[in-house]
Amino acid sequence: MTNLSGKTALVTGSTSGIGLGIALSLAKAGANLVLNGFGDACAVIAEVSQFGGKVGHHPADVSDPAQIAEMIAYAEREFGGVDILVNNAGIQHVAPVEDFPLERWDSIIAINLSSVFHGTRLSLPGMRAKGWGRIVNIASVHGQVGSVGKAAYVAAKHGVIGLTKVVGLETATSNITCNAICPGWVLTPLVQKQIDARIAAGVDPQQAQHDLLAEKQPSREFVTPPQLGELVLFLCSEAGSQVRGAAWNIDGGWLAQ
């Protein structure tokens, strides 16, 4: 089992869903955690703290580079820096390109892509000073294929994979790695909204979930946050030290079609 005792992990968007699942996996492995997000911070801190590590929360809005800088400074001041950065925060909006609201485009690019750049550029100096670091970007299968109505999300996730490759190359001769994980359907609040939209259109709830999976994901099963957390642990381990600049699919066979 990967032992991350003495390491500090910062996971953006970690008060629910994928981010919380990853934070719990890192905490179980012994890491200290800096949580981030707009959810119930006290409840999440209590949940993550059960594994014995130091846990804190910073409420940075990651659409704002200045708040990201404040969050990194908090991690340096209270935890001695960021050893593991998991860029997970994300939002979604679905609309045709010609009808896509400009403010939604800007916010999706800011949160899903630009925040990854800002968190990475601000964390790298500390990682280089320590001689070790892991950057894991939660991209998506939509970083490699498109879907109708998801212009901003698909563009942002493609950008995350491109950025991951560049950082992977720029850190290739160091003990710092940068990789992306590309999940298929995970039953998060973002995905639940898409299921709810089908239900609102008159589809039976169980059928709505089945149909969503059947359209894209051959396994007909959701990827789970704990599965994603275990993959993050692998990338943080010595066994993952030569995985660099990769876009790792965990998608129930979506991209195999």
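User: How many residue pairs are in polar contact across the interface of domain 1 and domain 2?
Analyst: The rule finds two residue pairs there, both at pLDDT 80 or more, where a polar contact is a pair of N or O atoms within 3.5 Å, within protein one able to donate a hydrogen and the other to accept it, and residues adjacent in sequence count only if both atoms are side-chain atoms. The side of domain 1 that touches domain 2 has three nonpolar, five polar and one charged residue (Asp, Glu, Lys and Arg count as charged; Ala, Val, Leu, Ile, Met, Phe, Trp, Tyr, Cys and Pro as nonpolar; the others, Gly among them, as polar). This is a predicted model, so local features need pLDDT of at least 70 and side-chain atom pairs count only at pLDDT 80 or more, while totals for chains, interfaces and linings use all residues. Residues are numbered from 1 along each chain as its sequence is written, and side-chain values use heavy atoms, with hydrogens and water left out.

User: And which residues make up each domain?
Analyst: Domain 1 covers 8-184 + 223-250 and domain 2 covers 188-221, with bounds from an automatic or database domain assignment.

User: How much area do they bury between them?
Analyst: About 540 Å², 57% of it on carbon and sulfur atoms, counted as the accessible area (1.4 Å probe) that two parts lose on being put together, summed over both.

User: OK, salt bridges: how many in the whole structure?
Analyst: The search finds three, a salt bridge being a side-chain nitrogen of Lys or Arg within 4 Å of a carboxyl oxygen of Asp or Glu, and the count between domain 1 and domain 2 is zero.

User: Which residue does Asp-83 pair with?
Analyst: Asp-83 meets Lys-130 at 3.0 Å, N to O. Asp-83 lies in the loop between helix 3 (65-79) and strand 4 (84-87) and Lys-130 in helix 4 (residues 102-130), so the pair ties together parts 47 residues apart in sequence; helices (H or I, at least four residues) and strands (E, at least two) are DSSP runs, numbered from the N terminus.

User: Is Asp-83 buried or exposed?
Analyst: Asp-83 is buried at 5% relative accessible area, whereas Lys-130 is partly exposed at 40%; buried means under 20%, exposed over 50% and partly exposed in between (1.4 Å probe, protein chains only).

User: Switching topic, what does the side chain of Ser-147 make a polar contact with?
Analyst: The partner is the side chain of Lys-216, at 3.3 Å, and Ser-147 itself is buried, with a relative accessible area of 17%.
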